Amino acid sequence: MPPAIPIEAHTPMMQQYLRIKAQHPGMLLFYRMGDFYELFFEDAIEASKLLDITLTTRGATAGQPIKMAGVPYHAVEQYLAKLMKLGLSVAICEQIGDPATSKGPVERQVMRIMTPGTVTDSALLDERREAYVMATLPVQGKIGLAWLSLSSGRFCVDEIAPDDLASCIERVRPAELLAPEEASLPGLDAARLMPKRLPSWQFDLDAAQRALCQQFGTHDLAGFGVAEMHAALAAAGALLGYVKHTQRAALPHIVSISAERQSAYVLMDAATRRNLELTETIRGEPAPTLLSLLDTTAGPMGSRLLRHWLHHPLRDRQAIGQRLDAVSTLLEGAPTPHHQALHRLLRGIADIERIVARVALRSARPRDLASLRDSLARLPDLHALLGPLASQRLAQLLQDARPQEAVVSLLHRAIKPEPSAVLREGGVIADGFDAELDELRAIDSHCGEFLLQLEARERERSGIATLRVEYNKVHGFYIEVSKSNSEKVPDDYRRRQTLKNAERYITPELKAFEDKALSASERALAREKLLYEQVIDQLQPPVVALQMTAAAIAELDVLAAFAERAAALNYAMPNFTDSPKLEIIGGRHPVVEGQVAQFIANDTLLTRTRQMLLITGPNMGGKSTYMRQTALIVLLAHVGCFVPAQSALLGPVDQIFTRIGASDDLASGRSTFMVEMTETANILHNATEHSLVLLDEIGRGTSTFDGLALAHAVARHLAEKVGAYTLFATHYFELTRLNQALPQIANVHLSAVKHKDSIVFLHAVEDGPASQSYGLEVAALAGVPGAVIQQARRYLVSLENQSVTREGQGDLFAQAPEPQEHPLLEKMREIKPDELTPKEALELLYELKKVLD
C-alpha cells in the first residue's frame, strides 16, 4: 500500500492486517481467514508468482483495490515447503478469537515464524540433510561463529580467521545466515549465501552471556569450554534470540553449547570439498558422490550423521580407532553378519531426533508420538543383539540408547495404535486412558443403541405401539406420538412440537441424554486436546535422554552402513603410524570404480624422501582420478571407514588441499586463471608438512612461458619450503627434470599405448615421466573432425622441426650452453701494440676488418 495513506483510513480488518504486517517486515504474512490463509497487496503479488496461485482483486480499502491471493489451510504445508526451498521467511497469523462473540475483526496473532533455518515440520525438511541457522560476527581480525540445528538441538561455536569463512560455511552448509547490519563478511560471494541482517545491538556480549546461562540453567559458561570465546558467544546470543523469536516457544531441548575446534578435524577448504565431490557433484547434483555411494543407512538420522562425518574427518586417532573397531566387529557373525541383523532392526526405527525436537517445541503430531513409541519399543532388541559384542564404542552407544520403559508405557497407554494424522480430527487418545473421554465417546458412538432401548421402554410404559424416538437438527431428540394416542402419554411427557397428525414430546431422561449427546463429540475433541497436551508435558523431562538415544542410533546406523559397504565393495581397514608417510597399496577411486567395467588399482607412496609425485601422461589417462582417490582414501580413513585399497598405512595428516579443474567466477569478476591462482595461493600460505596437496595442471590458464614458470616455482616451493605430501599433475614435461636438483620429487606417469591413429589408456601408474602427451589422439577421441586433426598433425611436425631457440617452446630450466667467443676477440688478445711498427699496425687493421666482413 502507498505509505502516505494513514492506517485509520483503512477498513478495520485491513488495519489489523497492516499492523501485524508492520511487525514482521521482510516476511510473507499468511493471514488466516476461515479455511484459507490469505496474502494481501505486495505479498499477494509475490506469492502468486512464486507459488503459481491466482491473484485476485476484491473490495477496496482507503479507496484502493485489495489485491489478494490465498491457499487452503489444510494444504498449506506444500506451499510453505516451496517457500522454504526458495529461502523465504513466512509469518503464520492465526485466528485466536471467537467469531461468534467478536464485534469487530476476529482477534488474530502470529503464532509461529518459519524460516529456512528454523523449520522443524517433517513435511518442510529434507529428511537426509541437517538444517542449520548460523550467526556471524566479525570482531578485530576474527569472526565469531555460532550455528544451531533446531531439529536436533546441536549448538556449536567457533572463532576463525576472516579468510576461513567461506570454507566454514561450505563445511556446515547452513540453510540461513545471520549477520549484524553493515558488517563486512569476506568470502560470502564464494559461499553463494546472502545473510539476513539483524540490528547490531542483538549481538551484545553481556546480553548473550545472560541469555545463554538462562537457557542452560547455569551460573556461567565455563563448564562448556567457551567462556573466553567472546565473539562467538555474542553471535550465539543473537542466534538464540532469533530462534526464540521465530518459535514463540521455549527451547527445552537445547541444553548445551560446544566449541568446534578446527584443530580437531582434517581441514578442507571450500574448493577441496567441491573437487572431491563429497556430497554433491561439481555440477551440484546429489549423485554420483562419495555420500551417495556410502549411504546405505537404514534411516534419515544415520544419513544426516554420515553427511556430517564426511565433512568432519577426525584427527583424534583414538576416536577413529574406536569407529574402525566397531565396524570390524559388525563384520563378524555367522551365518548372518551382525551388521545385516542391525540394519534390519534399525529399519523399523523412525526419525527420533526430529520427533523429540517437535515434542520439545510442543509441535509434535499424533503420529509422531506413535512412531516414537514403536521405535523406543525396539531398544531391548537392540541391546540383545549388540550387548554380547566386544566393542568399546558399541558398548558406549548402547549405554546412551538405554530402554525408555516409562516413555513407552505412557505412549502405549495414551496413544492409539494408529492415531489420526492431526489432533483436530480426534481419534488420537487410546481407549481406557481416560474415563471421562471414554464416556463421551460411548455417548457419541452408542447414541442409536440408546434411542432404540428408550423407544422400547417407552412403548411398553405407555402402551403405544406406534411410539417413535427420533432426532432432527432443528428440534433435537423427541418422542413422536400420533394424535389418536396422545391421551395415553405419561404425565412426565412435555410437548415440544404439534404437527397435523402427531405430537412430539420430550422427557427428562431424553432431555438429559440430548444435552450429553449433542455436545459429546465436541467435548470429546476438547478432552482429547487437553489429554494430548498433558502427554506432551509428561514427555518433556526425558527429552535430553531421548536426544542421546537418537544420537546413538544414528551412529549405529552409520557404522552398520560402513560395515555393509566394506563387505560389499571389498574395502580394507586402514592403519595409522606416527611416521610421516602415506602408503597405499592397490588403491581405488571409490566412486569411479562403480562407474566402469574394470578399474585399475594403483599404489601411492609418499614419504619424507619421496615427498612429491610429479605425474605426467595423456589427458583422460587417469591423472585426476589417481590424485582424487588418494585424497578420498585418506579422508575415509579419518572418518573411521574402511578404504578401497588392499592396505593403507597413513601418517599424520592435518589438511587436504586440491587445485583441480578450471572454472571462472563471473559473479566476483574473477577469470579462470585468477580462480586457479587464488586457490594456489591459499595452498602455499596454509599447507604444512603434514598436509596432502593435490595440484592439477598449474599454469595452464596463461601463456606457455608464464604458466611453466609458475608451475616450476610452485613445485619447488612445496618441495623445498612447505614439505607437504604432494601429487602434482602436469603437461609441462620440462618439470620432470626437477628431481635432478630435488631428489624428494619422484616422476610417475599414467601409461598409454598408441594403436594406429588411436590411443589406448592403460590407467596404470608407472615410474618415470611420460614419453608424450597424446593430445591429438585424445582430440580425435573427443570427435574433433579428421581434417582438423590432420592439419594439427602437419603443424605439429613443423613445430618440432623448427629451431627451439628461434620459435619452439624451449626448455626454460635446462642449463644454457657456454657462449662461443668471437674470433676477432682472440686475435686482438694476441696483439702487442708496443712492438708494432706503423706499417704492421696498418696491415693488422686491414686484417681485423677482413675478419669482421
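Visitor: Is C93 buried or exposed?
Guide: In this predicted model, C93 counts as buried, because its relative accessibility is 0%.

Visitor: And how many disulfides does the structure hold?
Guide: The structure holds zero disulfides.

Visitor: Is C213 buried or exposed?
Guide: C213 counts as buried, because its relative accessibility is 12%; the cut-off for buried is under 20%.

Visitor: Let us turn to salt bridges. How many are there in the whole structure?
Guide: A search of the whole structure finds 44 salt bridges.

Visitor: Which residue does K142 meet in a salt bridge?
Guide: The side chain of K142 meets that of E159, with an N to O distance of 3.3 Å. This pair links distant parts of the chain, since K142 is in strand β8 (residues 142-149) and E159 is in strand β9 (residues 154-160), 17 residues apart.

Visitor: How accessible are K142 and E159?
Guide: K142 is partly exposed, with a relative accessible area of 33%. E159 is also partly exposed, with a relative accessible area of 22%.

Visitor: What forms a salt bridge with D492?
Guide: R461 does, and the closest N and O atoms are 3.3 Å apart. D492 lies in the loop between β15 (476-482) and β16 (494-498), whereas R461 lies in helix α19 (residues 447-462), so the pair ties together parts that are 31 residues apart in sequence.

Visitor: What is the relative accessibility of D492 and of R461?
Guide: D492 has 29% and counts as partly exposed. R461 has 44% and likewise counts as partly exposed.

Visitor: Which residues are linked in a network of salt bridges?
Guide: The network links E130, R304, D351, E353 and R354.

Visitor: What about D126 and R129?
Guide: Their side chains meet in a salt bridge, 4.0 Å from N to O. D126 is partly exposed, with a relative accessible area of 43%, and R129 is partly exposed at 30%.

Visitor: A change of topic: what span should helix α20 have, and how far apart are its ends?
Guide: Helix α20 (residues 508-539) has 32 residues, so at 1.5 Å a residue it should span 46 Å. Its end C-alpha atoms are 44 Å apart, which agrees.

Visitor: Where is the kink in α20 centred?
Guide: The kink is centred on A520 and amounts to about 55 degrees.

Terms used
Residues numbered from 1 in each chain as written. Predicted model: local features only at pLDDT ≥ 70, side-chain atom pairs only at ≥ 80, totals over all residues. Heavy atoms only, no water. Disulfide = S-S within 2.5 Å. Buried < 20%, exposed > 50% of the residue type's maximum accessible area, 1.4 Å probe, protein only. Helix = DSSP H or I, 4+ residues; strand = E, 2+ residues; numbered from the N terminus. Expected span 1.5 Å × (residues − 1). Bend = angle between axes of the 7 residues up to and from the residue.
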